[in-house]
2 protein chains.
Amino acid sequence: MKTIEEFLESKNIRVTAMRLLIYKFLAEKLVAVTLSDIENAFEKADRTTLYRTIKTFEEKEIVHQIDDGTGITKYALCEKGCNCEIETDLHLHFHCNNCNETICLTEHKIPQIKVPDGFVSENVNLVVKGICDKCSGQ
Amino acid sequence: MKTIEEFLESKNIRVTAMRLLIYKFLAEKLVAVTLSDIENAFEKADRTTLYRTIKTFEEKEIVHQIDDGTGITKYALCEKGCNCEIETDLHLHFHCNNCNETICLTEHKIPQIKVPDGFVSENVNLVVKGICDKCSGQ
DNA sequence: ACAATAAATGCACTTCCATTGCATTGGTTA
DNA sequence: TAACCAATGCAATGGAAGTGCATTTATTGT
């Protein structure tokens, strides 16, 4: 078990206090978060720093971006099993219409999608919307 | 074969010059368009009018909205076979990373997606990204 | 045909998120 | 320790979505 510091360094990400905090915040969250979510969690930090930190994490492939159709970009840590750097690795995101949370269903792989002749598929974005387990249990 | 006027009236949409123009514009396009696309096509018209016209078309279910992950909402006319008013009717959208166009693949239905226990699926958004037939033929 | 009514349009404005430029701070390295 | 480069913070911009209100246009009833 590596420390977070070691992990970040192994990904060529310089370790700073802010980055550690943001990484921990993402790690605690089980759902994808927006920039504003992070902003609200760290009122002291500047929005730009958070933005650029996330972008750095994205470039270094420890975070991936999720477009769940709410119009606001969300981000989540890549987990074991998430090979989002491999374009053909496709997993599912679930957006709850009730609590508005978006969850990575890393273990749910997407079936191969057929496209018409002449089309080349490089990437697939699949978002299922509905009611999540927490909300449906109410 | 109904005229456009008759068609709009059958959907309880009042016919105006602007609406006819916008409808024809959408009908000519084989791809989904953004509000800005429409705006550029009709420089005389106000953006608000275009915006509200599209919203009206959407409400009356002759246009559907597409979220292709570019961050900009696109719209396309519903075609025969597109029953987008039925939430379980799901068809595929293809976004070309080369020409940036988004196409409705109405005839390609989405396979049933399994979600974990406790999750209720109401709606699915599936966008395949890659290279379209026109661009791949180059 | 005309007045009353309702819908459509146009203009101005606001909000929200994403993104960039630039100056400053802070950490690394020669 | 000086020089350098990356990270941070502040300010500002841009783009898209959405709203309020006044005006124009169309519809309806008398």
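How much area do chain A and chain B bury between them, and what share of it lies on carbon and sulfur atoms? In this predicted model, the two chains bury about 2500 Å² between them, and 65% of that area is on carbon and sulfur atoms. The contact draws 32 residues from chain A and 32 residues from chain B. Across the interface, 14 residue pairs are found in polar contact, with both members at pLDDT 80 or more. The count of salt bridges between chain A and chain B, by contrast, is 0.

Strand S4 (91-96), strand S5 (102-109), strand S6 (120-131) and helix H5 (133-136) of chain A each supply at least two of its residues. Of the elements of chain A, S6(A) gives the most to this side, with 12 residues. By class, the side of chain A that touches chain B comprises 16 nonpolar, 9 polar and 7 charged residues.

The relation between the two copies was examined by superposition. Chain A is brought onto chain B by a rotation of 179 degrees, with 0.0 Å of shift along the rotation axis and an RMSD of 0.2 Å. The two copies are therefore related as by a two-fold rotation axis. Within chain A, the C-alpha nearest this axis belongs to Leu126(A), at 2.3 Å from it. Both copies use the same surface, since 100% of the contact residues of chain A recur in chain B.

S6(A) and strand S6 (residues 120-131) of chain B pair in the antiparallel sense, over 11 bridges. Within this pairing, Gly130(A) has Ser121(B), in S6(B), as its bridge partner.

The fold of the individual chains was considered next. Chain A contains 5 helices and 6 strands. From the N terminus on, its elements follow the order α-α-β-α-α-β-β-β-β-β-α. The C-alpha trace of chain A spans about 50 × 40 × 30 Å along its principal axes.

In chain B, 3 strands form an open sheet in the order S1-S3-S2, with antiparallel pairing. Strand S1 (33-34) and strand S2 (63-66) of chain B stand at the edges with a single partner strand each, so that one side of each is left without a neighbour in the sheet. S2(B) pairs with strand S3 (residues 74-77) of chain B in the antiparallel sense over 4 bridges. In this pairing, Gln65(B) is placed opposite Tyr75(B) of S3(B).

A further antiparallel pairing in chain B joins strand S4 (residues 91-96) to strand S5 (residues 102-109) through 5 bridges. Phe94(B) has Ile103(B), in S5(B), as its bridge partner. S4(B) and S5(B) form a hairpin with 5 residues between them. In the turn of this hairpin, Asn100(B) adopts a positive phi of about 70 degrees.

How values were computed
Residues are numbered from 1 along each chain as its sequence is written. Chains are lettered from A and ligands numbered from 1 in the order in which they are written. This is a predicted model: local features need pLDDT of at least 70, side-chain atom pairs count only at pLDDT 80 or more; totals for chains, interfaces and linings use all residues. Side-chain values use heavy atoms; hydrogens and water are left out. Copies are superposed by least squares on the C-alpha atoms of residues with pLDDT of at least 70 in both. Contact means heavy atoms within 4.5 Å. Buried area is the accessible area (1.4 Å probe) that two parts lose on being put together, summed over both. A salt bridge is a side-chain nitrogen of Lys or Arg within 4 Å of a carboxyl oxygen of Asp or Glu. A polar contact is a pair of N or O atoms within 3.5 Å; within protein, one must be able to donate a hydrogen and the other to accept it, and residues adjacent in sequence count only if both atoms are side-chain atoms. Ala, Val, Leu, Ile, Met, Phe, Trp, Tyr, Cys and Pro count as nonpolar, Asp, Glu, Lys and Arg as charged, and the others, Gly among them, as polar. Two strands pair if DSSP finds at least two bridges between them.
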